[in-house]
Each structure stands twice: as C-alpha cells, then as structure tokens.
Amino acid sequence: MKGPQPQQQHPRDPRFESLLGFLKASRSFDFTGYKRSTLMRRVLKRMQTVGIEDFDAYRDYLEVHAGEFDELFNTILINVTSFFRDSEAWGTLSGEFIPGILARKEPGEHVRVWTAGCASGQETYSVMMALAEVMGEDQFRQRVKVYATDADNDALATARMGAYAQAELDELPDGYRDRYFERMGGRWTFRADLRRQVIFGRHDLVHDAPISHLDLLVCRNVLMYFNTEVQSRILTRFHFALAPQGVLFLGKAEMLRAHADLFAPAHLHARIFRKTSPNGVRDRLLTLARGTPRVHLTAPLQVSVRDAALNAIPVAQLVVTTQGQVMLANESARRLFALSPSDVGRPLQDLTVSYRPVELRSRIEQVLAERRIVHLAGVEHGMPGEETRTYDVELCPLGGPVGEELIGVSIVFIDVTRHTRLQSEIEFAHQSLETAFEELQSTNEEMETTNEELQSSNEELETMNEELQSTNEELETLNDELQRRTGLLDDVNAYLSSVLTSLRSAVVVLDPAEQVQVWSPKMEELWGLRAGEVNGQPLPQLDMGLPVEQFAPSVAAVLEGREPFQEVVVDAVNRRGRAIRCSVGVRPLLTPAGDIRGAVLFVDEVDAPPTPAAAPDAG
C-alpha cells in the first residue's frame, strides 16, 4: 500500500519558504538559491518516504528526529558522478588546455586547481590523473595543489577515503587503474603519495569566499541546480578566483551565454571557458595619462582612494619600513592596538604592539633576511575588559618598484576566533567518533582512521586559511566597490571627453602600429565614424574622406623619430560629402623618459579648395 501522496505545491508556497528558512537557521544550509521546482520536487520525495504531506508537519518531524536532516540533505544534494565523465571533453582538456597551462608557467612554479562540487571525489581524482599524465608524477608531486570542496559532508568523507569498488573503475582509460590505484581488501584506493596533493573541505559556493589564484577550476553539472541570480554571483566569484588566462571546465549541460564579460568560450563543445581580461577605456586612459604632464593631477585622488580602501578593510594591517618605522596603520589596527595617528612614523620598537600580543621585531628581521612570508597562528589578544580573541598573523615582504630591493614588511592580523572555536568543536566530534569506531575496527583500521582524521583536520585548517586570504583579496570588490569604481571611471571618461571637446582641433592618438587609441568627438563630426568603431583599428584602413595615404610618410617619420613635427595640407571630403581642405599636424607621443610611444594627429579645417568653374550653357 502506498503512503500518503503530498499535494502539488506552488513554487512560492510560504510554508515551503518557511521550511527553507528553518533549515538555514538550524543547520546553516541555505537552499534559497536553488531552482524552486527541482528543490521542491526533492523535498516532496523525502516527505513521501516518511509519510508526511504538509510542510509544517515535516518541520515538526525534523525538530523531533535529528537524523532526518542527513536523510533530507542526501536527497537534495544528489551526488551523481563518475571518473572522466564525458570522456571526449576530458580528452580536450588533457590534450589542449593542460599543456597550455603548464606552458605559461615558469619552471617549478606551482599549479593550483579547484574542483568545486567534488561530490564523492571521482572528478577530483580524474583531474589529478590527467595532470599527472601530462606532467609526470614527479613534477605533479612537486608542483600541483588541488582543492576539492562540496557542501555535503557525507560525500566529502567518501572523497577523502578515495576508495572505490571495481565497477566504479571500469570507465577508466586502459592502465589507469593499475597506475593510480592500489588494491586494499575488496576496494581500490587512490595512491597515497599522489593523494597528498589534494585538500578536501566543506565549502558553500553561494556564501563562502572562493579559493584564489587558480589555473584551473572544475565545476561540472553544479550550476544548473541554482537560479539565474545565484549562478551570476557564483560565476563572478569564479572569475575572481581564476588567475589571468585561467580555465573554467563546466558540465555539458551548462552554458555561459549571459556572462561573456567574465568568460570567453575556449572550446564550446567541451564546455571549456577562459577568464576574460579586457583592456577597457579605463586602461587606455591610464596609459595615455602616463604619457602626458597631467598625471600629477590624479595623485591626490589616488592617495585618497588608497587610504579610504585601507581603512575600510576590517582586517588590522601595519606596514613597517626596513628601518623599523611604522609607515601605515589602518583604522582596524589603530582600534585593535590603541594606536593614535601620531604613532605613524615612530619606530616600531617604541610601541607596545612590537611585543604584544606577539613578538614582531625578530619576525620582521626574519622576513627581511629570508624574503618570504611568515605565518603565526593562534595568537591571542584582548584589551582590558574585552573578550580575548584569536588571530592568525601574516608578515609579508614588500618589494620595491623593480622588485629587487625590499621597502618594508606588511603585517596583517586576521581574526580567526570563530574558526578556532569551530575547529575545537570539530576536534571534539572527531574524538567522539574515534572512540565509537575503536569498538568496531581492528588495530590496523584504527590507525588508518586516526591518520585520515588528522589529515582531514589539517586540510580543513588549510582550506579555511585559503578562504581567509581570498576574503581579504575580495574585500575591495564588496560593499558597493564596483559602483564606486564605476563612478570614478565615469568621471575620468567625462573629464577626458570634456578636454577633447574643448580643443579647437580634431584629435587622433595612434600607437606605434598606427592603430587608433583615442578618437575625439570632432573627428566623429568630421568623418562620421564613432570612437567605438575605430578604436584599435589601423588608421590607413579606415573608410573615410580623409586621404591618410597623403600624410602617411609624415606619420612614419614622427613615429621613427626622424622628425619632431610634421604638417601636411590635404584635400578631403567630410561626412556630408562636402569638399574641404585640412591641415594635419603630427607630433610624437612621448613617455617621461623621452621614448616615442605613439603619435598625436591634430586635424583642422582650413580654406576649402576652389570650386571648378561651371561649363558654359551649350544651349
């Protein structure tokens, strides 16, 4: 006899939304970004299994039966995966893109990979085998670091074990099973020496900060479970996480048609995309500004923006020169260590912060001597009458303009109190589990479990450290930073447009290849071509009434440094078809060092050419 059948619910049923809010508040699982139709179908399936029709009644059931949470989450977070799923796409990744990633790296430089939504680990171990095949096992062990995350703790536990049945390995390419797996009892376990290169940890793609500086990000058949808004947020974080030219590998059911500004298709059939790094108008304006005497006008604004950004960071930061003077203390640092603005510029050794909460002077000397980052974990600090909190301290060397001489040391205090408490709770839970397992397993199994738990704790700590670092890098993109930067860019664009519009001459700026970099509004008015149509195009190839070939030798002479100024008068036809005469002046665009980095053309309309006399009337 079938159990009770739940009635069909509306996708925005307030009782269903209340159930989702209960799951978020009680277990920190936020499913509000999931597609409602898919999510509701899976919840109803689980309700039918336990014989409950009403969402409110199911919430009461969850409050009484704590174990039901795990059953519900396992139903929602379906983990369907296999080794090298969609083998053709994996072949494209291994044959075309992994070699390209390695070719862009310096010898010995690390390769960073993130498999997001790793489920039970098959996808993670697939990308590890693909990298080992291309690099060789020795290089793989020395250079590769893989981060594998998922929201399902049960799936992560399976992934950490790396043990699979024979049937699950049948789809592996020939020879892979014997090269990368070892037989242990009735299962095959991924090799321990290669397994050390991966860190598994729980991660929420919607709310947790992304792992950064990635060369390859694998997230297959995960985005399709989220709605469009949440997909956009996740893809924005993926764009931030990837290094320039980084590669994103999606599932065959996923497309990025609405996100061309973030990712460009590198191999659409295989669903492989590359991070875009467009050189927009802002970059071109900054390049132009560096070649003109107006650069000093933006310096106060740059200093103001820098100071405001540093003070907005909720992480305490100090900067100390190589001579030991405090040159920067942001607002968080001043508040945390009771510093005043007058302390900036004083020797660090004269301040209490030099030895409390941790001795900094010897660590600064170590950073300057070894030219590497020094991490200090578990540093406790609290002002009188306040709660004692735990910090991770990172001391980082600061390089000079040419990266040769050090100019100081950055000291960052990251508040990890919450994570430390959570870690204590995790360790307590692990100890309880270990006590229960000791009654059920042999001595050998107890040792393996203990080692795995210790490794899991280390991986979780390292993952949290990566998340904290990534969060620090992402701060400038949060709190309406994008809106502020867009406003500044609009101001710069408006300023440049005003300057160009105010000039008597029509202005064109060319790079050394004679490609258009700036096209003033008066050029648009004369020849009918908009700036968006001509920017980046060679000037001689533009279809307009200005005879470029008549003054091309003058442009070449200026670009080659043979002449400081050239002026040519030519006959032309404006955008209205009227014959005009134009004076074209050419000057070099110089760097502060005097090097030629392009040419500036000034076009002025002069007297029109004489109109041919009309022929006498034959009649």
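Student: At what angle do α2 and α4 pack, and how far apart are their axes?
Tutor: This is a predicted model, so take every value as computed from it. The crossing of α2 and α4 is right-handed. Their packing angle is about 135 degrees, with the axes 9 Å apart.

Student: What does that angle make of α2 and α4: parallel, perpendicular, antiparallel or oblique?
Tutor: Roughly antiparallel needs an angle over 145 degrees, and roughly perpendicular runs from 65 to 115. The α2 and α4 angle is about 135 degrees. The two helices are therefore oblique to each other.

Student: Which residues make the contact of α2 with α4, and how do they divide by class?
Tutor: From α2 come L39, R42, V43, R46 and V50, and from α4 come E68, E71, L72, T75 and I76. By class, the residues of this contact are five nonpolar, one polar and four charged.

Student: How is α2 oriented to α3?
Tutor: Helix α2 spans residues 36-50 and helix α3 residues 55-64, and they pack at about 65 degrees with their axes 11 Å apart. That makes α2 roughly perpendicular to α3.

Student: Which hand does the crossing of α2 and α3 have, left or right, and what classes of residue form the contact?
Tutor: α2 passes α3 in a left-handed crossing. On the α2 side you have M40, V43, L44, R46, M47 and V50, which meet F55, Y58 and Y61 in α3. Sorted by class, the contact of α2 with α3 comes to eight nonpolar, no polar and one charged residues.

Student: What about α5 and α6: how are those two oriented?
Tutor: Helix α5 covers residues 87-103 and helix α6 residues 122-135, and they pack at about 55 degrees with their axes 10 Å apart. That makes α5 oblique to α6.

Student: Which residues of α5 and α6 meet, and what classes do they fall into?
Tutor: The crossing of α5 and α6 is right-handed. W90, S94, I98, P99 and L102 in α5 meet E123, S126, V127, A130, L131, V134 and M135 in α6. The class tally for the contact of α5 with α6 is nine nonpolar, two polar and one charged.

Student: On to the rings. What kind of pair do F337 and F413 form?
Tutor: A pair of aromatic rings is described by the distance of the centres and the angle of the planes. For F337 and F413, the centres are 4.8 Å apart and the planes stand at 65 degrees. Planes over 60 degrees apart count as edge-to-face, so the F337 and F413 pair is edge-to-face.

Student: How many residues apart in sequence are the parts that this pair ties together?
Tutor: F337 lies in helix α14, residues 331-337, while F413 lies in strand β15, residues 406-415. F337 counts as buried at 10% relative accessibility, and F413 counts as buried at 3%. The pair ties together parts that are apart in sequence by 76 residues.

Student: Which residues do ring pairs link into a cluster?
Tutor: The count of aromatic pairs comes to 15. Ring pairs link into a cluster the residues F83, Y125, Y164, F181, F190 and F200.

Student: Where does F84 lie, and what is its phi?
Tutor: F84 sits in the loop between α4 and α5. F84 is buried, with a relative accessible area of 11%. Its phi is positive in a residue other than glycine, near 50 degrees.

Student: And A119: where is it, is it buried or exposed, and what is its phi?
Tutor: A119 lies in the loop between β1 and α6. At 7% relative accessibility, A119 counts as buried. It is not a glycine, yet it has a positive phi of about 55 degrees.

Student: Zooming out, how much of the chain counts as buried?
Tutor: The secondary structure of the chain comes to 21 helices and 20 strands. Of its 619 residues, the share that counts as buried is 43%.

Note on methods:
Residues numbered from 1 in each chain as written. Predicted model: local features only at pLDDT ≥ 70, side-chain atom pairs only at ≥ 80, totals over all residues. Heavy atoms only, no water. Axes fitted to C-alpha atoms, helices over the stretch in contact; angles between N-to-C directions. Helix = DSSP H or I, 4+ residues; strand = E, 2+ residues; numbered from the N terminus. Parallel < 35°, antiparallel > 145°, perpendicular 65-115°, else oblique. Left-handed = near helix turned anticlockwise from the far one by under 90°. Contact = heavy atoms within 4.5 Å. Nonpolar A, V, L, I, M, F, W, Y, C, P; charged D, E, K, R; others polar. Phe/Tyr/Trp six-rings, centres within 6.5 Å; stacked < 30°, edge-to-face > 60°. Buried < 20%, exposed > 50% of the residue type's maximum accessible area, 1.4 Å probe, protein only.
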